[in-house]
Amino acid sequence: MKAASLPEVTLSELDGVRYLHLESVWVQGAMRIAKPRALELEYIQRMMAWMLWRPTDELTQGHAVQLGLGAAAITRFCHQVLRMRTTAVEINPAVIAACRMRFRLGDDDERLTVLNQDAGAWVRSAAHTQTVQVLNVDLYDHEAAAPVLDDERFYADCHRVLAHGGLMTVNLFGRHASFLASAERIAAAFGRDQVWSLRPTREGNTVVVAARGVVVPDREELIARADNIEKRFGPLGVPARKWLRMVRPLPPPAAAA
C-alpha cells in the first residue's frame, strides 16, 4: 500500500480515555491516560487469552509479535508488563508516530522493535519461521469493516512463524457473516482441534485462538492458570477466569456451512 493511500490518524478523548481513529468514527485503539499499561478495550483484553494456553512457568517467556499496532495497547503490555521480547509490525507510519507521541509507546530497545512494514510480507519471510511464541493479529481496515489479511495463505504463514507450542489470537467480527468463513480458513491452517473462540463482545468482536502443537491440560490446571494470571495481571484488565468461561471449540464444518 502506497503512503499516499494510507488513512490519516486522528485522536479523541473522553472521560480520561484517549482514542485512535483512522479517518472515521470507528475506534482503532484506546488508552486510559492515568493507567497507560492497562488494557482498556474489552476485545483487546480478550486478545490476551493466549495466556491460558501457556504453562505458568513459560507465561512471559519468548517472542511476542503484534500485526497491526492500533494504539499500542498489546505492544505496551507485552513489552512493559510481561517484559517479553516484543515486535510490532505496522504499515502506517502515522500510526507509529501517534503511538510514540500520544500513547506511551517507548523507543525501540533490546526487547522492543517496531517495524514500519506490511504484515503479510513479514509473516511470509522465511527468516521468521518458527521464531514466535505469541502472535496477535488485529488488521482491520480504517472503516473497521473487514480484516485486511484473511486468506488461507496468510493463516498458513502465521502458522509457519509460530514455534511449536506457539499461539495466535485474531480479532474477527463474530456477528458478521464472514466470521465462520474466516474461522474455517484458520482451522485449515492450524487444524480444527487447535482452534477455539471466545464469545463475542458487546460490540461483536470475537477473538479466535489458534495453536501450533498445544496439548490442552485438564480443567483443574486451566483453572490454576487462570487464577495465577488474574492474581498477577487482573488489575490491568486481564480477567482470565472470565475468559475460561467463554472459550468454546469451533463448530463442526456442517454447522459452519
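This is a predicted model: local features need pLDDT of at least 70, side-chain atom pairs count only at pLDDT 80 or more; totals for chains, interfaces and linings use all residues.
Trainee: Why is β10 described as largely enclosed?

Mentor: Go by relative accessible area: under 20% is buried, over 50% is exposed, and in between is partly exposed (1.4 Å probe, protein chains only). Strand β10 (residues 205–211) has seven of its seven residues buried, so the rest of the structure largely encloses it. Next, think about faces: in a regular strand the side chains alternate between the two faces of the sheet. For β10, one side carries Asn205, Val207, Val209 and Ala211, the other Thr206, Val208 and Ala210, and all of these are buried.

Trainee: What about the sheet with β1, β2 and β3: in what order do the strands come?

Mentor: The order is β1-β2-β3, an open sheet of three strands with antiparallel pairing. Its edges are β1 (9–14) and β3 (27–32), each pairing on one side only. Going from one strand to the next, the twist averages 25 degrees. Angles like this run from 0 to 180 degrees between N-to-C directions, with axes fitted to C-alpha atoms, for helices over the stretch in contact. Strand β2 (residues 17–22) is joined to β3 by five bridges, again antiparallel, and Arg18 has Met31 in β3 as its bridge partner.

Trainee: Which helix lies across those strands?

Mentor: Helix α3 (residues 93–102) lies across β1, β2 and β3, at about 35 degrees to β1. Contact here means heavy atoms within 4.5 Å.

Trainee: How many aromatic pairs does the whole structure have?

Mentor: Three. Rings of Phe, Tyr and Trp (its six-membered ring) pair if their centres lie within 6.5 Å; planes under 30 degrees apart count as stacked, over 60 as edge-to-face and the rest as tilted. Trp53 and Trp196 make a tilted one, 5.2 Å centre to centre with 45 degrees between the planes. Trp53 is in the loop between α1 and β4 and Trp196 in strand β9, so this pair ties together parts 143 residues apart in sequence. Trp53 is buried at 7% relative accessibility, and Trp196 is buried at 10%.

Phe77 and Phe233 form an edge-to-face pair: 6.0 Å centre to centre, 70 degrees between the planes. Phe77 belongs to helix α2 (residues 73–81) and Phe233 to helix α7 (residues 219–233), so parts 156 residues apart in sequence are tied together. Both Phe77 and Phe233 are buried.

Trainee: Which residues have the most contacts inside the largest nonpolar core?

Mentor: In soluble globular proteins, nonpolar side chains tend to be buried together. A nonpolar core is a set of buried Ala, Val, Leu, Ile, Met, Phe, Trp, Tyr and Cys residues joined through side-chain atoms within 4.5 Å. The largest one here has 40 residues, and Met48, Trp50, Met51, Leu82 and Phe233 have the most contacts inside it. Helix α2 gives this core its largest share, five residues. Leaving aside neighbours within four places in sequence, Met51 is in contact with Leu59, Leu82, Ile229, Phe233 and Val238. A second, separate core of 30 residues includes Ala119, Trp122, Val161 and Val208.

Trainee: Last one: is Ser182 buried or exposed?

Mentor: Buried, with a relative accessible area of 1%. Ser182 is in helix α6 (residues 179–190) and touches Asp150, Tyr155 and Leu172, not counting residues up to four places away in sequence.

Notes:
Residues are numbered from 1 along each chain as its sequence is written. Side-chain values use heavy atoms; hydrogens and water are left out. Helices (H or I, at least four residues) and strands (E, at least two) are DSSP runs, numbered from the N terminus. Two strands pair if DSSP finds at least two bridges between them.
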